[in-house]
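The sequence and the structure come first.

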Amino acid sequence: MNSEPFGVLIVDDEPNIRSGLAKGLAGDADRVDTAANASEALGQFTKEEYQLVIVDVRLNCGMTGIELMQRIHESHPQTPVIVITAHGTVETAVQAMRSGAFDFVLKPLDLNLVRQQVRKAREHYQLRAENDQLRSRLVDSGEIANIIGNGSAMQDVFQQIRQVAATEATVMIHGESGTGKELIARALHDLSDRSRDPFVAVNLGAMPESLLESELFGHEKGSFSGASRQKPGCFEQASEGTLFLDEVTEMSPKSQVDLLRVLESRQYTRVGGEQLMHSDTRVISATNRSVAELIEQGSFREDLLYRLNIIPIEVPPLRGRREDIPLLVEHFLESFCKRHHREPKRLSPAAMRILTDAPWPGNVRQLRNVIERIVITCDGESIHADELPLDLRKPKPGEITLPNSLAEAVEGCERQTIELALRACDLHRERTAVTLGISVRTLHYKMGRYGLH
């Protein structure tokens with residue numbers, strides 16, 4: 001937990017309320033100060049740091065409580081403000097919340113309720129502070145969550161994640177299949193103030209249109225054949241959290257209209273329902289297609305793009321960040337050796353060079369699958385070039401693959417010759433040693449060296 005002292009400032013023009021709240025909240029804060037009007041409150045902020053402000057909507061002189069809250073947020077955007085008032089109309093509550101109030105309580109005040117809101121605000125402030133500290137550590141370390149990359153291309157992506165994560169802006173992640181777009185969406189969620197609330201991911205490209213509306217917005221019992229119970233949709237499941245819409249450009253025109261309506265009004269209804277549901281969900285989307293081309297073709301709405309693509313993040317393909325391939329290989333080797341209970345393995349320089357130079361049309365996902373396969377199928381401690389999948393080590397037309405050194409070329413030839421001799425002799429080691437003109441002991445040594453057990 002954050003160790004910063006938690007200071008509360010109470011702003012109210014009624015002395016009895018100021019003193020009563022200050023006394024009642026003494027056990028919930030490290031310091032409680034009071035101010036009688038907006039001018040006095042702003043003066044207090046020049047001398048002290050406050051982690052929570054409790055302000056009355058109507059103050060006798062100067063600006064209103066809501067105007068004061070807006071001034072505070074200009075210089076201290078992270079400080080939550082609880083608004084109190086005796087004029088508890090719906091319009092006042094809506095105005096306060098739209099202006100950035102953390103919560104809204106009515107006079108006459110219930111001290112237990114106020115203390116509960118203060119504790120909630122303190123937890124919220126501490127969570128935000130912890131996330132800020134985490135973001136600072138990530139800036140210093142150059143890493144983001146489980147995303148691996150030291151090259152300049154991925155560092156640019158990391159910098160965008162750090163800048164955007166703490167905001168409420170919608171983000172569209174652009175990149176080829178297999179580049180890790182969902183990992184980036186999760187990093188945006190984990191580094192945001194919504195990190196303790198759900199992260200819900202849905203692949204719209206794999207969703208039949210007939211089910212998509214129910215999947216996103218939920219349905220009421222009996223709303224269609226097979227709807228035997230009420231079901232919350234993804235927007236409801238991700239309430240106060242993050243909803244990740246993968247392959248968003250695969251949506252039908254009708255579904256695009258439905259999504260646009262929710263993004264604009266932040267309201268929706270379940271299928272077959274009448275109750276208006278409020279959406280407090282951050283939306284992050286992703287696509288592997290050119291949105292500009294889809295708009296030109298008329299298959300994707302331009303106004304929906306404006307809503308989704310406030311912050312675009314471009315994820316480079318693996319062939320555009322080859323300097324990261326050795327790091328990814330080492331990470332996947334370690335991970336899959338542990339998962340499949342294998343001894344630690346390493347790649348020979350020739351094998352690593354092949355992986356670094358490969359085109360990788362399937363990007364990081366393809367590399368991950370290749371490493372898992374060779375961890376399972378290769379017995380030796382060292383993985384050589386000829387143990388890689390044939391499609392990776394097959395030279396391109398006119399391409400000559402050279403070893404790193406003459407010693408590596410000799411070793412590769414020797415390993416292949418021993419392997420061929422073992423097969424020709426049905427794995428009989430004595431006959432293989434005679435065929436090769438070496439001792440059985442030497443054969444055993446070389447088999448161990450090349451992982452030919």
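## Salt bridges

In this predicted model, the structure holds 27 salt bridges. One of them joins Glu236 to Arg270, whose closest N and O atoms lie 2.9 Å apart. This pair links distant parts of the chain, since Glu236 belongs to helix α9 (residues 234-237) while Arg270 sits in the loop between β9 (267-268) and β10 (277-278), 34 residues apart. The two partners are also described by their accessibility: Glu236 is partly exposed, with a relative accessible area of 25%, whereas Arg270 is buried, with a relative accessible area of 8%. Because buried means under 20% relative accessible area, the value of 8% places Arg270 in that class, while the 25% of Glu236 leaves that residue partly exposed.

A further salt bridge is formed by the side chains of Asp324 and Arg321, with an N to O distance of 3.0 Å. In this pair, both Asp324 and Arg321 are buried.

The side chains of Arg423 and Glu419 meet in a salt bridge of 2.9 Å, N to O. Both residues lie in helix α17 (residues 406-424), where they are four residues apart, about one turn of the helix. Arg423 is exposed, with a relative accessible area of 55%, and Glu419 is partly exposed, with a relative accessible area of 22%.

This pair belongs to a network of salt bridges in which Asp386, Glu387, Arg415, Glu419 and Arg423 are linked.

## The five-stranded sheet

Five strands make up an open sheet with parallel pairing, in the order β7-β8-β11-β6-β12. The strands β7 (199-203) and β12 (311-314) stand at the edges, and each has a single partner strand, so one side of each is left without a neighbour in the sheet. On average, and with direction ignored, neighbouring strands of this sheet are turned by 20° against each other.

Terms used: Residues are numbered from 1 along each chain as its sequence is written. This is a predicted model: local features need pLDDT of at least 70, side-chain atom pairs count only at pLDDT 80 or more; totals for chains, interfaces and linings use all residues. Side-chain values use heavy atoms; hydrogens and water are left out. Two strands pair if DSSP finds at least two bridges between them. Helices (H or I, at least four residues) and strands (E, at least two) are DSSP runs, numbered from the N terminus. Axes are lines fitted to C-alpha atoms, for helices over the stretch in contact, and angles run from 0 to 180 degrees between N-to-C directions. A salt bridge is a side-chain nitrogen of Lys or Arg within 4 Å of a carboxyl oxygen of Asp or Glu. Buried means under 20% relative accessible area, exposed over 50%, partly exposed in between (1.4 Å probe, protein chains only).
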